[in-house]
Amino acid sequence: MTRRGEGRRTSRHSGTAVLAGWLFADLLLMLFLVAMASVPADPSRVKGSPTASPSGTPPTGSPSASPSGSPRPEGLDPDYIKVEIKISPDSVRDHGTSQLRKRLTEELARKNPKGLPVGFVLVFASGPNSLVGQAQAIDTAETVVSDLRDKEPGFARSAGLGYWEAPGGYFDFKIFLLR
């Protein structure tokens with residue numbers, strides 16, 4: 001003979017296990033949907049896509065092939081141009097960005113002979129290893145990003161971020177071009 005409350009406890013515990021199972025299944029389904037949504041669509045299979053063609057051959061004006069032979073899509077080039085300019089962030093704060101911008105555009109013209117526009121730029125300003133020094137360096141780097149966008153035609157469509165880098169008297173730029 002069983003006691004009166006034992007049967008209910010067993011069913012109550014098994015109900016919790018069932019709910020936990022459904023919760024796990026729902027979470028797994030949600031993870032699957034997020035993963036599927038993060039996979040880029042194949043442009044050749046999308047109707048109305050500028051790269052879609054009925055014959056399966058790429059249309060004229062399609063992205064050129066990379067040296068490895070696989071086509072590279074339009075957008076930011078993952079291979080960035082690195083430029084170091086030995087001008088002190090203190091000097092830029094005191095005298096403005098014109099000298100820094102001049103030297104950067106000269107170096108960029110040398111490393112970017114096709115004159116492709118800049119899509120994204122990371123500016124690392126050196127500065128003292130203190131909270132105030134780091135804050136000043138970041139502020140200076142962000143001012144440089146803003147001035148590049150406003151005053152240099154090659155950077156007009158670009159976005160960018162400013163960061164602090166180790167102590168010293170220089171700026172490091174990582175420049176991502178648009179293809």
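Rings of Phe, Tyr and Trp (its six-membered ring) pair if their centres lie within 6.5 Å; planes under 30 degrees apart count as stacked, over 60 as edge-to-face and the rest as tilted.

**View 1. Tyr 80, Phe 120 and Phe 176 form a cluster through ring pairs.** The model is predicted: local features need pLDDT of at least 70, side-chain atom pairs count only at pLDDT 80 or more, and totals for chains, interfaces and linings use all residues. Numbering runs from 1 along each chain as its sequence is written, and side-chain values use heavy atoms, with hydrogens and water left out. The structure has four aromatic pairs.

**View 2. Phe 171 and Phe 173 make a stacked aromatic pair.** Their ring centres are 6.2 Å apart, with 25 degrees between the planes. Both residues are buried (under 20% relative accessible area, 1.4 Å probe, protein chains only).

**View 3. The largest nonpolar core holds 22 residues.** Such a core is a set of buried Ala, Val, Leu, Ile, Met, Phe, Trp, Tyr and Cys residues joined through side-chain atoms within 4.5 Å. Leu 100, Val 123, Val 144, Phe 155, Phe 171, Phe 173 and Ile 175 touch the most other members. At least two residues each come from β1 (81–85), α3 (98–111), β2 (118–126), α4 (131–151) and β4 (171–177). Helix α4 gives the largest share, five residues. Helices (H or I, at least four residues) and strands (E, at least two) are DSSP runs, numbered from the N terminus.

**View 4. Surroundings of Leu 100.** Neighbours within four places in sequence are set aside. Leu 100 then contacts Ile 85, Ile 87, Val 92, Val 144, Phe 171 and Phe 173 (heavy atoms within 4.5 Å).

How values were computed
Buried < 20%, exposed > 50% of the residue type's maximum accessible area, 1.4 Å probe, protein only.
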